[in-house]
Amino acid sequence: MSELSEDTRNILGLQLPTDPRWVNLAEKTLEDVLTDHAFCEQKAATSCISIIQKYSHLEKLVSELSPIVTEEWGHFRLVLAELHKRGLQLGKQRKDEYVNALISFQQKGGDPEGRLLDQLLTMALIEARSCERFKRLSEGLEDPYMQKFYRRFMESEAGHYTLFIELAENYINRERVRNRWKEWLDYEATVIRSLDLRGDRIH
Ligand SMILES: [Fe+2]
Ligand SMILES: [Fe+2]
């Protein structure tokens with residue numbers, strides 16, 4: 001395991017930094033990355049809608065996630081425009097091994113509070129890892145336009161990551177949130193370690 005980078009540990013809390021070779025691979029297949037990225041944004045929007053539908057009685061959650069839906073959909077449109085600019089189409093969605101692995105760790109039955117917590121922490125984690133990957137792209141790609149393009153996403157997803165944690169703390173005992181977050185961080189590191197390093201995907 002490579003050493004934790006300062007920013008990964010401090011800003012995101014992630015246990016395992018992305019392999020530095022990833023950005024070089026991604027640069028070679030940037031068009032695939034864009035397609036994958038477009039679907040990630042789309043899923044972020046639809047996941048927020050699902051959470052709102054499921055927890056419609058939680059006023060603060062509904063109010064705070066509603067603008068995120070708009071924002072994520074805006075992200076999707078930005079990436080789609082970038083694809084079109086390159087003469088590409090959205091194409092087909094791939095199997096998302098990373099997200100599927102995270103979902104398999106979610107508490108399925110048991111107390112409703114634990115289920116809500118896991119839903120919010122899954123979102124927080126995907127935001128955090130995406131933010132880290134966007135940071136890599138913004139710093140590692142050669143093209144200054146693409147550096148700026150990804151910097152914008154990085155900043156936005158950093159805000160989302162904290163929002164999901166704060167929402168969890170609003171409804172659930174802080175200590176429970178923190179303990180479970182630690183378990184999620186450890187689990188996520190094992191997921192990242194188990195996945196092949198591929199330059200055609202965000203995760
Ligand atoms: Fe986004
Ligand atoms: Fe986001």
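In which handedness of crossing does α6 pass α7? The crossing is left-handed, a term for the near helix being turned anticlockwise from the far one by less than a right angle (clockwise would be right-handed).

## Before you dig in

This is a predicted model, where local features need pLDDT of at least 70 and side-chain atom pairs count only at pLDDT 80 or more, while totals for chains, interfaces and linings use all residues. Residues are numbered from 1 along each chain as its sequence is written, and chains are lettered from A and ligands numbered from 1 in the order in which they are written.

## α6 against α7

Helix α6 (residues 112-140) packs on helix α7 (residues 144-171) at about 160°, with the axes 8 Å apart. That angle makes the two roughly antiparallel (the label for angles over 145 degrees). Helices here are DSSP runs of H or I, at least four residues, numbered from the N terminus.

## α3 against α4

Helix α3 (residues 30-54) and helix α4 (residues 59-85) also pack at about 160°, axes 8 Å apart, so they are roughly antiparallel to each other. Their crossing is left-handed.

## The core

The largest nonpolar core has 42 residues, and Leu 120, Leu 121, Ala 124, Leu 125, Phe 164 and Ala 168 touch the most other members. A core like this is a set of buried Ala, Val, Leu, Ile, Met, Phe, Trp, Tyr and Cys residues joined through C-beta atoms within 7 Å; buried means 20 or more other C-beta atoms within 10 Å of the residue's own, with C-beta atoms placed from the backbone. α6 gives the most to this core, twelve residues.

Terms used:
Axes fitted to C-alpha atoms, helices over the stretch in contact; angles between N-to-C directions. Parallel < 35°, antiparallel > 145°, perpendicular 65-115°, else oblique. Buried ≥ 20, exposed ≤ 12 C-beta atoms within 10 Å, placed from the backbone.
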